[in-house]
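Please look over the sequence and the fold shown here before reading on. The paragraphs below are meant to be read with both in view.

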Amino acid sequence: MTDLQSEGGGKKEEGRTKNKKVEIFTLFPSFHLSPSPNLPLSSLSEAEGQSPSRTQIIAGVDEVGRGALFGPVVAAACILPDEVIDELASCGVRDSKQLSATARSRLALKIRAVAVDCQIGVASVREIDRLNILQASLLAMKRAILKLKVTPDLCLVDGNQRIPNLAIAQETMIKGDARSIQIAAASIVAKVWRDELIVRLAVKYPEYDLTNNKGYGTAKHKLALERCGASVLHRVSFSPCRK
């Protein structure tokens with residue numbers, strides 16, 4: 001397994017990429033999540049600056065894995081029905097970094113169960129090294145949005161960077177995972193999905209302690225890079241992986 005997703009390349013490369021995509025979807029059938037039927041669509045709350053009388057389909061979008069040394073960057077796009085917003089907030093939905101792994105897993109299941117639609121987008125290690133991590137993160141977010149089976153009127157995007165060439169209205173929101181339940185839900189779903197992927201990849205690359213560090217640059221991970229060198233799923237554009 002040399003990469004997770006790739007664009008371009010010759011016929012042989014395309015064949016390998018197709019097989020890798022099949023492997024990911026087999027391991028993670030939730031890569032495409034079906035929209036929940038008969039659920040009303042989300043609207044942006046007054047706290048987020050819109051009139052409550054104007055019903056809009058709102059998608060929260062966030063990415064995880066931007067600072068990791070290993071593995072892809074993963075994004076999620078989430079559309080939630082209005083009536084579950086308060087319930088999710090009371091259940092503890094907030095910035096995924098503030099939650100334990102157990103709490104994230106529990107909440108991810110709940111979010112996916114009640115969401116109008118929730119999808120994952122990935123940018124591969126190769127794309128990270130080719131484009132840079134910022135552009136790869138924006139690409140992963142765009143892919144998550146475009147996979148939504150329900151087209152949103154507006155995307156709330158965590159951070160201060162707009163997604164290039166997105167033909168849907170978008171609004172950036174600094175610290176959005178602390179200000180928007182939709183973005184917080186997306187951050188949780190993306191984090192759980194990526195962590196599950198890295199844990200599975202850890203079986204193939206046990207020397208890097210991936211089960212514990214999830215691809216981030218812990219002291220043990222960096223020591224393994226010095227001793228063993230980088231694997232094909234390390235981001236060679238990141239300086240610790242070039243040593």
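What follows goes from the overall makeup of the chain to its core, an aromatic pair, a pocket and some individual residues.

This is a predicted model, in which local features need pLDDT of at least 70 and side-chain atom pairs count only at pLDDT 80 or more, while totals for chains, interfaces and linings use all residues. Residues are numbered from 1 along each chain as its sequence is written, and side-chain values use heavy atoms, with hydrogens and water left out.

The protein chain contains nine helices and six strands, where helices (H or I, at least four residues) and strands (E, at least two) are DSSP runs numbered from the N terminus. Of the 243 residues in the protein chain, 53% are buried; here buried means under 20% relative accessible area, exposed over 50%, and partly exposed in between, with a 1.4 Å probe and protein chains only. Contact means heavy atoms within 4.5 Å, and among contacts in the protein chain between residues at least 6 apart in sequence, 67% join residues at least 24 apart.

The interior can be described through its nonpolar cores, a core being a set of buried Ala, Val, Leu, Ile, Met, Phe, Trp, Tyr and Cys residues joined through side-chain atoms within 4.5 Å. The largest nonpolar core has 67 residues, and those with the most contacts inside it are Leu-80, Leu-88, Val-93, Ile-111, Ile-145, Cys-155 and Ile-188. Helix H7 supplies the largest share of this core, 13 residues. If residues up to four places away in sequence are not counted, Ile-111 touches Cys-78, Leu-80, Leu-88, Val-93, Ala-185, Ile-188 and Val-189. Apart from this core lies another, of five residues, among them Ile-58, Leu-154, Leu-156 and Ile-183.

Leaving aside neighbours within four places in sequence, Ile-183 is in contact with Gly-60, Val-61, Asp-62, Leu-156, Val-157, Asp-158, Met-173, Gly-176 and Asp-177. Between Ile-183 and Met-173, which are ten residues apart in sequence, the C-alpha to C-alpha separation is 9.2 Å.

Aromatic rings can also be examined for pairing: rings of Phe, Tyr and Trp (its six-membered ring) pair if their centres lie within 6.5 Å, and planes under 30 degrees apart count as stacked, over 60 as edge-to-face and the rest as tilted. By this rule the count comes to one aromatic pair. Phe-70 and Tyr-205 form this pair, with 5.7 Å centre to centre and 70° between the planes, so that it is edge-to-face. The pair links distant parts of the chain, 135 residues apart, with Phe-70 in the loop between S2 and strand S3 (73-79) and Tyr-205 in the loop between H7 and helix H8 (210-213). Phe-70 is buried at a relative accessible area of 0%, and Tyr-205 is buried at 8%.

Rolling a probe the size of a water molecule over the atoms shows where empty space is left. On a 1 Å grid over the protein atoms alone, where a 1.4 Å probe must fit, a pocket is an open set of points with protein on both sides within 12 Å along at least five of seven lines, and lining residues have an atom within 4 Å of a point. The largest pocket holds about 200 Å³ of space, and of the 13 residues that line it, Glu-63, Val-64, Gly-65, Lys-97 and Tyr-216 lie nearest its centre. Strand S2 (58-64) and helix H7 (181-202) each supply at least two residues of this lining, with the largest share, three residues, coming from S2.

Helix H7 also holds Asp-195, which is buried, with a relative accessible area of 10%. Not counting residues up to four places away in sequence, Asp-195 touches Arg-104 and Lys-214. Lys-214 is placed in the loop between H8 and helix H9 (219-228) and counts as buried at 18% relative accessibility. Most residues other than glycine have a negative phi, but Lys-214, although not a glycine, has a positive phi of about 55°. Asn-165 likewise has a positive phi, near 55°; this residue is found in the loop between strand S5 (154-158) and strand S6 (169-173) and counts as exposed, at 71% relative accessibility.

Terms used:
Points joined across faces, edges and corners; volume = space filled by probe spheres on them.
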